[in-house]
Amino acid sequence: YKLLPENAVVTSHPGVADVFSGYAYTLDRVASDGQIITSRGAGTALEFALALLNRIASDKAARRVASDIVMYE
């Protein structure tokens, strides 16, 4: 059983990368394909959260939060 469409762009923790052999696997810290957003692990949690915020609210909201937490300068 597959939750993702075939050839979906995904990323994951390196320890489980082989599970995604049927997909377009990337080493990007956060990957987005359609309604699916994946990330590499705990070290990418903030970037993942901003990607989710961008999706459910707006890019402006995500940029404001990133600025407020001094994620990027």
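The legends below describe close-up views of a predicted model. Local features need pLDDT of at least 70, side-chain atom pairs count only at pLDDT 80 or more, and totals for chains, interfaces and linings use all residues. Residues are numbered from 1 along each chain as its sequence is written, and side-chain values use heavy atoms, with hydrogens and water left out.

**View A. Salt bridge between R29 and E47.** The closest N and O atoms of this pair are 2.6 Å apart. A salt bridge here is a side-chain nitrogen of Lys or Arg within 4 Å of a carboxyl oxygen of Asp or Glu. Helices (H or I, at least four residues) and strands (E, at least two) are DSSP runs, numbered from the N terminus. R29 is partly exposed, at 42% relative accessible area; buried means under 20%, exposed over 50%, and partly exposed in between (1.4 Å probe, protein chains only).

**View B. Salt bridge between D59 and R63.** Here the closest N and O atoms are 2.7 Å apart. Both residues belong to helix α2, four residues apart, about one turn of the helix. D59 is partly exposed, with a relative accessible area of 39%. The whole structure has two salt bridges.

**View C. Positive phi at N7.** N7, not a glycine, has a phi of about 70 degrees. Most residues other than glycine have a negative phi. N7 sits in the segment before β1 (9-10) and is exposed, at 53% relative accessibility. Beyond its neighbours within four places in sequence, N7 contacts G22, Y23, A24 and D33 (heavy atoms within 4.5 Å).
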